[in-house]
Amino acid sequence: MDANNKADWLGAEEVDASFRRVVVGFWAPAFFWLLVSGALGFVLSVKLYKPDFLTTFFGYPVGWLSYGRLFEVWQAVTVYGWAGSMVLGAGIWMMGRMAGKVLSNRLTVGASAWLWHLGLGVGVWLVLSGGVQDLSLLGLPRQGLAMVWIAAVLWSWSVLKLLRQGKKEFVAQWYGLGAALCLVWILTTVLFLMGRPISGVVEGLLIHWAKQSLVNLFLVPMGIAMAYYLVPVIVKKRLPLYSLAAVGFWSWFFFASWSGAHGLTGAPLPLWLSTLGMTSSVLLLVPIVVVVLNLLGSLQSDPKAMIESWVLRFVAMGLAFLFFGGLAHVAEGISNWSGVLSLTYFSLGEMTVWVMGFVTLVSLGAFYYGLPYLLQKKPFEEKGVRVHFWSTVYGTATLVVLLLVSGIVQGKTIANHELTFNQVIESGLPYARGRVIAALFLLMAWGVVFLNVLKWVGINGFRMCSRKSEDEKQVVMEAQGEAV
Amino acid sequence: MKRFSEIFLGVAVVFGIAWLATVAVPYTKFVQLQPVVDEETGDRTPPVESGLVRRGAMVYAAQGCAGCHSQRIRGGGADIDRGWGVRQSVPRDYWESGPVFWGSSRIGPDLSNVGVRQPSAMWHYQHLYNPRSLNPDSIMPPFRYLFEERKIVGQVSEDAVALFGKDAPKPGYEVVPTMDAKALVAYLLSRNQSYALPEAPVKEEKQEAQTAGSKP
């Protein structure tokens, strides 16, 4: 279908074979969680303007269908189940490829995949059954988080081991290293402090900080790592602004580290904390511009590859969402606007544009690129991928725009105290109805990817891909931008 | 990776410094926070929460209420003008170590002072059972599963919820709150930040205005 076949490297067949089971272990349940997320997204968007929708089971009112519980589950399955699982699977495989090493500790990484999904399953069960007793991190209660933490430790340790073994150095590896380190650090902090008798205000700060940090220091950096891997490998060109990539990397981790209090405007905390959070979020636009310029420059150098490769289109559209999300962070970071936009749908929109937009699209690119290599089969058929691409883009873009715009409307109407709260609700209803359409688009997209995989397995069976020559591997390595 | 150690150390330092400032320092600072104790009566401000209120906080967490309601009053905005509070929330308001639900969105109104704005337990029961019975434009979901419909044995129970119209139970039956509903309402009634603190004084007229003021 595209440039997939052009870019095999580092004698990758052995490397890919060693990663096959563990990556599929992360990815297969991820698609189940994605379908759950899509279905919940639809139900929740209807419930927001029709609160009596789906509140009973065989005529009996039940708690597990309540909006609050389903929203928590939606957050958990989207962040941990889908985005988290996809970047963990793609990430470790790409790090292995860049290191040129086979995965020696398959059992450890396999256990990580199992524990990650098991922890999420336990968390979802607790939320639905009403067993949550205190705060949760992005929908995942403490008990599930503890299992996810063990999974994260095993994964990060394996990634760091792979990175240490490799003799070369690539930009994508920097981001992988940073994300692996921060993931464990964030989850350890949350678990350690949540179990202690801490001051309430610290608990409020901690959960908000962890939520922001998990996205800004784990999911998004892993998305950037995947993009930095996929683009040069497929177009086989050096990064045009390679020296700037280091500036982008360090500035990303610097500003993202300080952005934990973003969105806490007016919270009962020292002013410097929320100000630093806001300022850092605004400045995240600097590394975003570096990443986008670097990768778009690389894409522009071979327009044909872009036309041929749907993988590159997924990545390019993901970069557009990354940039758009950066602009949204700038908007909420402006002091006059932050009080209006925080505590509205705008904040949810900011998270959605990066998790459902950037990370999801790049992950799907990695999936369509990687699965044929991992299972040593032919690439996916173009038609199915095209339908999937456009339905995902339309659905995500509609959802993001509606969330951001309705956040602005919501913030402005709440700020006008002469309007009653009923008028605030009324002003948001058209956007709530619009989100149902976005949710249907996304549900369709997730259904299409499922069909694509089924058809692909059915048609291609056990046919193998051919191995590429050593010369070609060298070209790709150079294109990826080996560090000096 | 050629420079594994350098980059590992670099990220650890960059993230570590920010972590110290945004997590560790507030932790050590706020852990020393104490309530204001009246020397004559021994009363604490903010008051100590009862066991039922603590259980109510758990029910609040279990229903995911924080997904739609915040519990923090911001100064300088419309929060106080809307009657959601009489002053800005301060760290001491959250002195007790129970879960703190600052929330992430205001799909519904702020609940920091809902116990002052709406002090009737019966109102909360009716509202939880069917929010639209009290506000036809409400988008809050009903929490009927927190109530039990049962046959009246002898006299109607003291805690039977007064329901009307299509919500009214069939003849000979009554709707009573479960223990979870009672705990949740006790928790909601305890939401009160209208007291004065040394760092957050309250003007008397504002306090009065809130008691007579807007509904949640």
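User: At what angle do H14(A) and H15(A) pack, and how far apart are their axes?

Analyst: This is a predicted model. In it, H14(A) and H15(A) pack at an angle of about 160 degrees. Their axes are 8 Å apart.

User: What does that make H14(A) relative to H15(A)?

Analyst: Roughly antiparallel, because angles over 145 degrees count that way.

User: Is the crossing left-handed or right-handed?

Analyst: The crossing of H14(A) and H15(A) is left-handed.

User: How does the contact of H14(A) with H15(A) split by class?

Analyst: There are 19 nonpolar, 15 polar and 2 charged residues in that contact.

User: Let's pick a residue. Where is A:Leu429?

Analyst: A:Leu429 sits in helix H15 of chain A, which covers residues 421-460. The C-alpha atom of A:Leu429 is 9.0 Å from that of A:Ser406. Along the chain these two are 23 residues apart.

User: Why does A:Leu429 count as partly exposed?

Analyst: Because A:Leu429 has 14 C-beta neighbours inside 10 Å. Buried would need 20 or more, and exposed would need 12 or fewer.

User: Another helix pair. How do the axes of H2(A) and H3(A) cross?

Analyst: At roughly 175 degrees, and the axes come within 9 Å. H3(A) is residues 106-128. The angle makes H2(A) roughly antiparallel to H3(A).

User: Which residues meet there?

Analyst: From H2(A), they include A:Arg69, A:Glu72, A:Tyr80 and A:Leu88. From H3(A), they include A:Trp116, A:His117 and A:Leu120. By class, this contact has 12 nonpolar, 4 polar and 2 charged residues.

User: Now the two chains. How many residues does the contact take from chain A and from chain B?

Analyst: It takes 71 residues from chain A and 60 residues from chain B.

User: Which elements of chain A give two or more residues to that side?

Analyst: Among them are helix H2 (67-99), helix H6 (200-235) and helix H14 (382-415) of chain A. H13 and H15 of chain A are also on the list.

User: And the classes on the side of chain A that touches chain B?

Analyst: That side divides into 38 nonpolar, 24 polar and 9 charged residues.

User: Where do A:Phe58 and A:Leu343 sit?

Analyst: A:Phe58 is in the loop between strand S1 (56-57) and strand S2 (60-61) of chain A. A:Leu343 is in the loop between helix H12 (335-341) and helix H13 (345-374) of chain A.

User: Is A:Phe58 buried or exposed? And A:Leu343, buried or exposed?

Analyst: A:Phe58 counts as exposed, because it has 5 C-beta neighbours inside 10 Å. A:Leu343 is buried, with 29 other C-beta atoms within 10 Å.

User: Over to chain B. Is the peptide bond from B:Thr45 to B:Pro46 cis or trans?

Analyst: Cis, with omega near -5 degrees. B:Pro46 lies in the loop between strand S2 (44-45) and helix H2 (51-62) of chain B.

User: Last one. Which residues are buried in helix H4 of chain B?

Analyst: B:His124, B:Tyr125, B:His127, B:Leu128 and B:Tyr129. That helix runs over residues 121-129.

User: What do the buried residues of H4(B) pack against?

Analyst: They pack against two helices of chain B, H5 (131-134) and H6 (179-189). They also pack against strand S3 (147-151) and strand S4 (173-177) of chain B.

Key:
Residues are numbered from 1 along each chain as its sequence is written. Chains are lettered from A and ligands numbered from 1 in the order in which they are written. This is a predicted model: local features need pLDDT of at least 70, side-chain atom pairs count only at pLDDT 80 or more; totals for chains, interfaces and linings use all residues. Helices (H or I, at least four residues) and strands (E, at least two) are DSSP runs, numbered from the N terminus. Two residues are in contact if their C-beta atoms, placed from the backbone, lie within 7 Å. Ala, Val, Leu, Ile, Met, Phe, Trp, Tyr, Cys and Pro count as nonpolar, Asp, Glu, Lys and Arg as charged, and the others, Gly among them, as polar. Axes are lines fitted to C-alpha atoms, for helices over the stretch in contact, and angles run from 0 to 180 degrees between N-to-C directions. Angles under 35 degrees count as roughly parallel, over 145 as roughly antiparallel, 65 to 115 as roughly perpendicular and the rest as oblique. A crossing is left-handed if the near helix is turned anticlockwise from the far one by less than a right angle, and right-handed if clockwise.
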